[in-house]
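User: Hello! I am new to this structure and would like a close look at a single part of it, the place where two chains meet.

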Amino acid sequence: MERSGLKKCDTIRTIKRNLKLKGPEPSMVTLVDFYLWNTNTHGCRRIAASKGPIKRTLWILLTMTAAAMIFWECVQLHLTYHTATMSVTMRHGKNEFPTVTICNLNPYKFNLSKHLMKDLDKMARCIVSRISSGRSAIFGENNVKACNMEFPVDPTPLVYMNMTLPANVKVMEILTGNDYLVNGSLLDLRSHSNQKIGMSDWWIALRLCDANVSNCIYNTFSSAISAMQEWYRLHFFNIMATVPEKDKIAMGYSADELIYACLYSGRTCDARDFTQFHHPHFGNCFVFNNDSSSKNLTALIPGNRHGLQLILHTEQQDYIPFFAGTAGTRIAIHSKYTKSFIEDVGINLQPATETLLGLSVSEIQKLGVPYSDCTEDGSDVPIENLYYSSYSLQICLQSCFQKEILQQCGCGHYERPLPAGYKYCNSQEFPGWEYCYYKLYSNYIAEELNCYRMCKQTCFQKEYTTKVSLAKWPSENSKL
Amino acid sequence: MWLRKYMTRALHRIQKGPLFTTSELLIWYCQNTNTHGPGRIIAGGPKKRTAWMLITLTVLCVMLWQWYEIAQEYLSYGVTVTVTMGFQKLNFPAVTICNLNPYRFSAINKYIEELDNYTQLVLNGLYTNVGRDEWKFSHGLTKHWEFTPLVWIEKFPNGFRVTEIVSGRCEWKNGTLPQVVPSMMVLQDNRLSQEQPKGNKKVIGFRLCDLSGHECLYKVFNCAVNAIRAWYQLQLLDLLGDLSQADKAKLGYTAKDLIHACIFSGQICEAKSQARNLSSFFHPIYGNCYTFNSEDDDPLQVSNPGMEFGMSLILSIDQHDYIPHLMSSAGALVMLHPQGSYPFLQEGGIHILPGMETSVGIEVEDIELLGPPYSNCTKDGLDLSVPNLYNMTYSFQVCLSSCFQMHMVRECGCGYYLYPLPPGTEYCQKNSHWAYCYYKLYNRLSHENTSCMDACKQPCSDKDYQMTISMADWPSETSEKWIFHILSKEKNMSAGTKINRNDIMKLNLYFEEFNHKTTKESPAQTLITLLSNFGGLFGLWMGGSVLCIIEAAEIIVDLMWIGIIWLTAKTKELRARAQNHQPSFSDAPPSIQQLEQQGHVNSACETETVPGVGDGGDPPAAQTDEVESVQQPIPSTPPPKYEALNVRCPHLLKCDSKRWEEFVDRL
């Protein structure tokens, strides 16, 4: 076999020599051989150059192994290709002073707003006295002093529920004393697992029904305090939704009333350095160093004396009793051009206390697709931004949720901004909106809305981390 | 079979002596290697040759030095740390809540009445002598707290005077006073003598003795309030030592007492499915503690920042029911910890003030270490010598406590009350004698500061919760009336007593806008980067690859083989000459020239390959040899003077000869 191959090779060679041909000979073996001798790949030439079958096999194996290694390393490198490395820089330097938003925890002065809530407060007082005098008093004659009057029909009443018999759940309206039975299996209990049905306790709950009172949600609470606050908040927003914003601003605290004294890095500042906006929860809020002010404040020197010092005035006597259970002010520190959800991420400041907030800034710049799933300015997110502010994940989620409410309930929720051509939800114009809203809200909380799929994080984020320390203020001697 | 053939051939070769010389082999190597330098060494004239030789050697040295550096860097197992921040869906931490007061005073009163009377005596006796005489006559040394009396310690130049506060008994100690470590500096830094001018030359402490009562330790405080609290806590522990944990739990606060209302993301906490209900455990210092969201396999997740999605609690602490001598501060203790881990409340808990709404913004910090050989850490603690007594996730604290408890059990025969027990042991109780043993051990371990610190390693992955805490008054002035009204009713309080702001507090726990920060170690150099660096350098300096190294190895093996053959031949020859001055072989010892010729004559195909095939390859080989010797291309490629070049298997051989032909043609 080999011999014949050789002879053939010889013949070909002779032919080739005679014909003055160049290049490899037209046989598979010779082609491979030509390649092995002429290639620049290192191992192959060795296969040809080695003497003896053992060495040659070894070299073939080695070359194959090396080729396999190259392949493996390539795969490894490819796997790590899409991971982005992070670089962290720490420095102290000229920093933009953050934007500071300050609100009183109480939205409106009670003296100026109580005419709006006359009926509501009476109902609340009656409910409190009924709760504190016990359930038996509700069945008896309405001898509680606070309840000696006619109340308007409450579309979302507070009720007591007795779930001893799962089939017949006893529901009793606290305010009117009306009671009726509901089939437990048909009961739509928010925040109540089915396992709880059958326990002997009376639960306090907020009843939310649709327009024709055929479907109801019972939102249960473990304490009457939370229930009362939720009930009051709902009614309060119902009332405030119809009040024009001009009146609401007038009922709230002005900058001069809230900010007693202001000192920025040794220089005095006053109400003119603050811009005002109306917050549904906290009334008038004031923003220091926001984007509309022309000068850019920078903080050069770290330390207490070179930052912002404020003396705030809360006027606790004028708090709305059932709405503002907590006394103090709320502050949010955020970067310029972004909106701060002060109700979510703010810090409470205690009255009669000096609170020091130490700040440090973290800036995060993500690389974007394909490294991180983030968006530069939100233009690629299919959600309309309802806030007059640059895009952020929270803004996207809230806008998306408000859109959903508008679509399903026909009105906008009071705590979120309203697009043109819509009205805020209130029970007079939109009976049963509470039922619709709470259904959506529990989906929102449970993260079952589409919003979570559509909204993306921003690629650039700036975070102010605060270190809080407290001291008694004013001191004993300075009180004089 | 095949191997045998090969071996016989090898033996044969050894007998014959080397086929070709080392220089030939090296030249062959230089010509055929893929490494760039060596080819040049044999290419030019003598000057160029030396130059190239030097260059190649220098380059080789430089490269080897750089390889060494890179290898060193890799073997130092350096790490790079990456930090990621942002918001993502995260598990809400487990939240453990306790009242600072472990037992209701009204419930425990019957157990501690006597102790309280005695403490009252101590308090009276602190600065006056009132009650001292009274005690002397009415009591014997019967109660165990009298074995660990509170004492005044006065320092004099040559010793200490120890005066028991209640009995007034005096004792003189020469030299130094054996003390419990943390307070040691009190007496050593001469604070006593410094304070003498002020008239306050006494420090308070208590004495701990062993069973015999001869060997004693003093635990010293510089403030009587702390001393009495610590002493009282020790006594209370002994008093309640008889009670089972269930009995003790009954003396404390129930979940309903402590947690008045609980809302998690808009729903009552009980509603978050029964499996996620509060779980309770008994803490030796804080009594009944309750953990929310402790289920390891199904924790609650939160994907939004803010209070709306967090947890809101109303706690009530019943301050009027506090144990007067035990608890000097009032409030609740809250700790956030990962699911499945033990809450070390004393180390990581935060205090919540009554009459306040405390908001706690949470940021999760994840730390992930690579583990050996990069970082000295342990994945789950199973590789350590210390058993995990907690049956919970490993942490450094778990290990330290377990380690201490093991020492305690070994040395004192009983377990320390703060830590869980290894199987088959009991907690220390009664008569406070264990305390002497405990503090002695404590002294020893903190002096040695080796045993437990060395036995324990930090865990490779750790979770830390950073908290931003802010406070506001709650309830507000205008709303406190109705809030107290309803709370009093809900807590079923009698008409006379009403809840006030010292009893209640509100607590909000929620994720901050940026809720996670991951600090992760990754190797600074992986094996791949190491190889790439090697390859890059090798390529840069010598244009080589891994195969070139193997080539070099091959040539070294070949050289050794030649050496062995040569040596055997040499020794045999020497031996033969020494024995009978006659070579043992029939032929004379082969000179290099001869061998070379031999090599030329005997084609390697005959010796190395299967003889039959090798025969066939002969004629063309001879032919090429001729061509080679006649038409030697000078000086570019000196022809190999040895047969190895011809040693090819037939099919390769013919092609080689073809190449030669082409080469010749071109010439």
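How much area do chain B and chain A bury between them, and what share of it is on carbon and sulfur atoms?

Analyst: Happy to walk you through it. This is a predicted model, in which local features need pLDDT of at least 70 and side-chain atom pairs count only at pLDDT 80 or more, while totals for chains, interfaces and linings use all residues. Residues are numbered from 1 along each chain as its sequence is written, chains are lettered from A and ligands numbered from 1 in the order in which they are written, and side-chain values use heavy atoms, with hydrogens and water left out.

Now to your question. Chain B and chain A bury about 8500 Å² between them, and 58% of that is on carbon and sulfur atoms. Buried area here is the accessible area (1.4 Å probe) that two parts lose on being put together, summed over both. In residues, 97 of chain B are in contact with 99 of chain A, where contact means heavy atoms within 4.5 Å.

Let us turn to the polar side of the interface. Between chain B and chain A there are 14 residue pairs in polar contact, both residues being at pLDDT 80 or more. A polar contact is a pair of N or O atoms within 3.5 Å; within protein, one must be able to donate a hydrogen and the other to accept it, and residues adjacent in sequence count only if both atoms are side-chain atoms. On the side of chain B that touches chain A, helix H22 (residues 650–666) of chain B supplies the largest share, 10 residues. Helices are DSSP runs of H or I with at least four residues, and strands are runs of E with at least two, numbered from the N terminus. Sorted by class, that side of chain B has 42 nonpolar, 32 polar and 23 charged residues. Ala, Val, Leu, Ile, Met, Phe, Trp, Tyr, Cys and Pro count as nonpolar, Asp, Glu, Lys and Arg as charged, and the others, Gly among them, as polar.

Salt bridges come next. The whole structure has 23 of them over all chains, and two cross the interface of chain B and chain A. The rule asks for a side-chain nitrogen of Lys or Arg within 4 Å of a carboxyl oxygen of Asp or Glu. Lys55(A) forms a salt bridge with Glu554(B), their closest N and O atoms being 3.5 Å apart. Because Lys55(A) lies in helix H4 (residues 53–79) of chain A and Glu554(B) in helix H18 (residues 546–580) of chain B, this pair joins two chains.
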